[in-house]
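Here is a short briefing on a predicted model. Keep the sequence and the 3D view open as you read.

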Amino acid sequence: MLADMETVIGFFLWLLAIGLQSGDSLHALVLPETDSHRSAGHASLQVGDGGQLGSSSPSPLTTTTTMDRVLMEERIVPSLVFQHRCADGFFRCNSTLDCIEQRRNCDKVPDCEDGSDERDCDDNVDSWYWDHLFRKRPGALNDHLPFTSCAWNDFNISCKCRVTEVLCDYKGFTVLPTSLPMDNVTLLDLTGNRFPVLNMNVFEKLPALDTLVLKHCSIEEIEPPARTLNDIYALHLDQNKLKSLPDIFFPPNTWLHILILSGNQITKLTAGNFANLDFLEELDLRDNLIESLEAEVLRPLRNLDKLYLNNNKLTKLDLGMIPILASLRTLSLARNQIRTISVGALNLPKLEHLYLSENRLRMVANNTFSKLPNLLGLFLNDNEISHFQLGSFAGINNLTTMNLQGNKFTRIDSRVLQNLTSLNHIHFSEFHHCKAALHVRVCDPKGDGISSKSHLLDNPVLRASVWIMAAVGIIGNLLVLFGRYMVGTRSSQAHAEHSLYLRHLAASDLMMGIYLAIIATADIMFRGQYLLYEEEWRASGLCAFSGFLSTLSCQSSTLLLTLVTWDRLISVTRPLYQRSGSKTRVILRLALLWGVAASAAAAPLSATDYFGPQFYGTNGVCLSIHIHDPYAMGWEYSAGLFILVNTFSLLFIGTSYLRMLQAIRVSRNETRNTLNCREKIVARRFAIIVATDCLCWMPVIVVKLVALGGVQISPSLYAWLAVMVLPVNSALNPVLYTLTTAQFKQQLTRFFYSLPCGASHELNGYDSAIDSRNSLGQMTYSTTANGSTRRIPQRKDRASINTKVYEFK
């Protein structure tokens, strides 16, 4: 008991010490406790010669005083607190025992009392690399200083001078001006002049020269200097036409530290190219045509710190290509064509940054990087990696940043990353890969615009909107289906055919409502822990069925709207056309339409090599629109459905309604009809129909085209487009084509009045007008000059045009 009380006392003393500490002393969140930490923590609990803190009785060999024991407890209790281990995916605050979920770290909203969850959020491991790679040209480093007159200028030379810098860029020189001052020039910039054959001996006349810039000078050949070029620190020979370098480029004791050879046409390097460069720290060979390397080429560079080989023609890294460079800290092999890396090919004990992005790596084998013990940043983004072996990252336990974006792997085993205990930042293309990196404090991305690590539908407004759209789509289309069967129709065979089309359109739109209801229900099931079930959900049969439903609904609805428009166009523009009374033709037409739509929707379920194993499962809402990854497997299929088919239907529907409106106006003029108000109503309804089609299809077409053009689409825009814009027609079609039409309201009213408890029905003025036009459809008369009347059967059909339009509207 005494030991327990002393433990408690020590604990409170430690808390008091923490409370007195300055807030500036707090650091970022600590990583979850590792096995080594736990063993160290247990070892720190040893007291005296084998006594253990918290034991039931003190050791008989313990002779420390009470004060000594208390002082010892103050050192021991922090180790006890450190043993408080957060669950996987959670990280402890600095000054409290609160555990913060991974997704809530670095989300710009402080969750820890001390705000430590929002510290050290920037991934700065490669910031220096990019800043250095795109640094200012040497002649611009002192732009803040004014130019001074060059006393040595003659009438043929108009160079600029700034203190000891001479800027003679783009002056048309072919030889070095003889009038240059020789004693105090530290920087000479000859950019943009022309020196096809460069004799390096001419620069011996400049003893103080520190930086020599010969960019864009059309240099094809270099005559090496016979003696050491004094104290030149940096030599810039980039953007020339060099195809090779002299066998012995530099004489002994060369003091050169920076050599820039980027942007040439060098295809091969030999052993003597970089001999005698004992002090070289930076070698830039970017943008050349180098196909292979030999260890002897780089071996003389004992002090090399940075090596850039970006954008060359390297296809592999084998043993013996890169020697052991004991000082090398940055190696960039990005934008080559590297397909394989042999184990042991990279033996660089001090390397901190390795860039292998934009190559053609397909697999990372065991122990590929095991001889890079000090590696801090590994960049493998934009390769073709589809598989990792379990020991792919063995031996790089100090790694703090890794970039795996833009690869082809669909899943990654958590055991591949488990030894990377120092990893603070990891970057994937898709957030669901973060499931394999729960021990990493910052995992990007945190979502795809639609889903996040916690929720299938991350945006609360979007979540509510899905339920609303699902309810409207299901209830509205059920009303159409049952309403049209219940109220029946007194119309002609043409209208019966048209009504059948609308019932099939309602059935098509009903499937979209069912699809939205499935997604909304799945969101509730996975609420708060979506990342744990994300992979299982996207690979499930229910997700594939949901994708099938959405695609079938979209395509059948598009085709049915086109068919309905064609039917109306025939009715309005060809009123004398006699329709066949057989239903076989209509049934075959609908069967063909549904067969085409069903085949298009079922094709991705075949799981062929073209569509891949999870065509519908590439996102949490199981859509085939694929805006987030426009060139994913089967992208031509997706583009054909959502661009070609929709564009054709939209153009046909728009032009057809314009033709119908024109035919109605012609009919009104020929029959001397004065129903201008009715014509305005029809025109307004036509405009609403075309506008809603544009509202649904045009954003999808435009955004899909923009995404295929390489423009990055905002995840938020993608979310609203997929969940709100795409299904909008399914919710509006019942309203536009049935529920608000005069005929449906009239038939529905008569149905209710026909019920046993219904009251007698008296036609109002509007209904009377409808019946009057129906009766006029039987016969139309005209009064002659002598007062007699005559029948005009042709006018009957022209007048019926307006009746048909008003009825189906």
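**D117 and its polar contacts**
- D117 is buried, at 0% relative accessibility.
- The residue sits in the loop between strand 4 (99-101) and helix 4 (127-133).
- A polar atom of the D117 side chain lies 2.9 Å from the backbone nitrogen of D111.
- The D117 side chain also reaches the backbone nitrogen of C112, at 3.2 Å.

**Nonpolar cores**
- The largest nonpolar core has 169 residues.
- Within this core, F203, F274, F369, F393 and L417 have the most contacts.
- Helix 8 (residues 493-525) gives the most to this core, with 12 residues.
- Another core lies apart from it and has 6 residues, among them V125, Y129, Y308 and F379.
- F393 is in contact with F369, L378, L380, F388, M402, V416, L417, N419 and L420, leaving aside neighbours within four places in sequence.

**I412 in its loop**
- I412 lies in the loop between strand 22 (401-403) and helix 6 (414-417).
- Is I412 buried or exposed? Its relative accessible area is 8%, under the 20% cut-off, so I412 counts as buried.
- Not counting residues up to four places away in sequence, I412 touches F388, L404, L417, F428, H433 and A436.
- H433 is 21 residues from I412 in sequence, and the two C-alpha atoms are 6.7 Å apart.

**Helix 11: two faces**
- Helix 11 (residues 584-602) has 19 residues.
- From first C-alpha to last, helix 11 reaches 26 Å, close to the 27 Å expected at 1.5 Å a residue.
- Its buried residues are V586, L590, L593, W594, A597, A600 and A601.
- These residues cover an arc of only 125° around the axis, so they sit on the same side of helix 11.
- The face turned away from the buried side of helix 11 carries the exposed residues I587, L588, L592 and S599.

**Helix 9: one buried face**
- Which residues of helix 9 (residues 530-538) are buried? They are Y530, L531, E534, W537 and R538.
- Seen down the axis of helix 9, the buried residues fall within an arc of 110°, so they line one face.

**Annotated transmembrane regions**
- An unreviewed UniProt entry carries the annotation "transmembrane region" for residues 464-483, 504-525, 545-566, 586-607, 637-658, 686-711 and 717-740.
- In the model, residues 464-483 are 100% helix and 0% strand, with end C-alpha atoms 28 Å apart.
- Residues 545-566 are also 100% helix and 0% strand, and their end C-alpha atoms are 31 Å apart.

**Backbone points to check**
- The peptide bond from D444 to P445 is cis, with omega near 0°.
- P445 lies in the loop between strand 24 (442-444) and helix 7 (460-487).
- V163 has a positive phi of about 55°, although it is not a glycine.
- V163 belongs to the loop between strand 5 (160-162) and strand 6 (165-167), and it is exposed at 63% relative accessibility.
- E358 is not a glycine either, and has a positive phi of about 60°.
- The place of E358 is the loop between strand 18 (353-355) and strand 19 (363-364).
- E358 is partly exposed, with a relative accessible area of 40%.

Key. Residues are numbered from 1 along each chain as its sequence is written. This is a predicted model: local features need pLDDT of at least 70, side-chain atom pairs count only at pLDDT 80 or more; totals for chains, interfaces and linings use all residues. Side-chain values use heavy atoms; hydrogens and water are left out. Helices (H or I, at least four residues) and strands (E, at least two) are DSSP runs, numbered from the N terminus. The expected span of a helix is 1.5 Å times one less than its number of residues. Buried means under 20% relative accessible area, exposed over 50%, partly exposed in between (1.4 Å probe, protein chains only). The arc is that of the directions from the helix axis to the C-beta atoms. A nonpolar core is a set of buried Ala, Val, Leu, Ile, Met, Phe, Trp, Tyr and Cys residues joined through side-chain atoms within 4.5 Å. Contact means heavy atoms within 4.5 Å. A polar contact is a pair of N or O atoms within 3.5 Å; within protein, one must be able to donate a hydrogen and the other to accept it, and residues adjacent in sequence count only if both atoms are side-chain atoms. UniProt positions are given in the numbering used here, feature names are shortened, and annotations may be inferred rather than shown by experiment.
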